[in-house]
Amino acid sequence: MEKIVSLAKRRGFVFPGSEIYGGLANSWDYGPLGVELRNNIKQLWWKMFVHSREDMVGIEAALIMNSKVWEASGHLAEFTDPLVECKKCHERFRADHIDLSAACPNCKEKGYFTTPKNFNMMLKTFLGPAEEEANTVYFRPETAQAMFVQFKNVLQTSRKRLPFGIAQIGKAFRNEITPGNFIFRTREFEQMEIEYFIREGEWETHFEAWRKSMHEWIKAVGIDESKVHELEIPDGERAHYSKRTMDFEFDYPFGQKELYGLAYRGDFDLKNHETASGENLKYRDPETNEELLPHVIEPTWGVDRTLLAVLLSSYEEDGERVFLKLPPKIAPYKAAIFPLLANKPELIDFARTIYTDLQKHFPVMWDDRGNIGKRYYSQDEIGTPFCITVDFDSLEKQDVTVRFRDMGTQERIPIKELVSFITTRLM
Ligand code: ATP
């Protein structure tokens, strides 16, 4: 974990938030490479679950919604975690994360925990100039509710038929009691969520289909599948409206913990919003005219936990060499161009033309500093799959040396074939 955190900072993936002011506990900013990796993860997800499917459409809702949404969804009353405080050191913990009969993990004293108290995790703010109760609003704690609240508009405009889904990627905020473990648990994070609307009788089939799709995603994005474990949430621990919920857990260096979730939510959400808003949120079957409230399967993914699991899964050490074996399609840079020598203008000019040509197709990095070995190491650490060296032979023979990140092997490729050579390896 320390190696990942240090590489992430050193190479510009993730920086501590507000660092020049001493930081802000558990807040992180994504740097130049982090934002590329994040965007690539989100684009891959959108491509896989929205663009490649006829039964999916997307939305992007406001982060702050009418507070009645959170009243109807049950979040205002129930989106709580049990909080305990150690009376000795005043450190706070989630009661379900520690053993209350044991010593305090912070001060090691025993018997000082307060009785657990429910703490609402919604982050509050005020809209408008007056900080009064009537102006209180909340930053959304999940992206999901917007898909229910906009269900009718989406249905009317997209004219989708059951089964179909609404997808959204966006920020969510939770006043977590114990954030930590780098980007694993923060108070501001991003989710990729789908509400998949179905007929009640088909829920088991769709649940299984989404379970399979989630495994396909895990593979596609480059998460080590052998470190992912399904956890069936047993009766009594699931939300009362859910007949089946499954967590996908990952072996992080700090333990096996949640990566993604999959839940059958029945018609709980649409029903609540229908009752609270007074709007008819039913689906009318175009053939039979039958009206029904669709049921929902909800697969949910955290962007930040994905990025962490991807970094942990792709980190490799081979002697002195450190490399990230990221799937080429999500690597921040697809290729790096190296003129063999930095002081030969004809070589530089020639390499520059290759660089600008490749840039039209995918992100490419230019590097003419130091020796070639160091340039390879530098690209390996950020997961660039192809390093292209332009030498004097290139001028004559119109070809370059392509070096492959994972094996360290090399091949001469004609310059006119470079774009297609790399593009076919980005699928
Ligand atoms: P946990 O049990 O770890 O608190 P959760 O069950 O509350 O998670 P969900 O409400 O199912 O999480 O949220 C969906 C997804 O959003 C999670 O699977 C996770 O990937 C991500 N996520 C949730 N909370 C956080 C957080 N505080 N920081 C980063 N990602 C989060």
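**Close-up views of a predicted model**

**View 1. Shell around the ligand.** The ligand is surrounded by 15 residues, of which Phe189, Gly261, Thr300, Gly302 and Arg305 are the closest; a residue counts as near a molecule if its C-beta atom, placed from the backbone, lies within 6 Å of it. Two or more shell residues come from each of strand S10 (188-198), strand S13 (255-266), strand S16 (295-302) and helix H9 (303-314). S13 gives the largest share, 4 residues. Helices (H or I, at least four residues) and strands (E, at least two) are DSSP runs, numbered from the N terminus. This is a predicted model, in which local features need pLDDT of at least 70 and side-chain atom pairs count only at pLDDT 80 or more, while totals for chains, interfaces and linings use all residues. Residue numbers start from 1 along each chain as its sequence is written.

**View 2. Classes in the ligand shell.** The shell around the ligand has 7 charged, 5 polar and 3 nonpolar residues. Ala, Val, Leu, Ile, Met, Phe, Trp, Tyr, Cys and Pro count as nonpolar, Asp, Glu, Lys and Arg as charged, and the others, Gly among them, as polar.

**View 3. Glycine 17 and its loop.** Glycine 17 lies in the loop that joins strand S1 (14-16) to strand S2 (28-30). Leaving aside residues up to four places away in sequence, glycine 17 touches Gly23, Leu24, Ser27, Trp28 and Asp29; contact requires C-beta atoms, placed from the backbone, within 7 Å.

**View 4. Glycine 17 and aspartate 349.** Between the C-alpha atoms of glycine 17 and aspartate 349 the distance is 40 Å, and the two are 332 residues apart in sequence.

Key. Contact = placed C-beta atoms within 7 Å.
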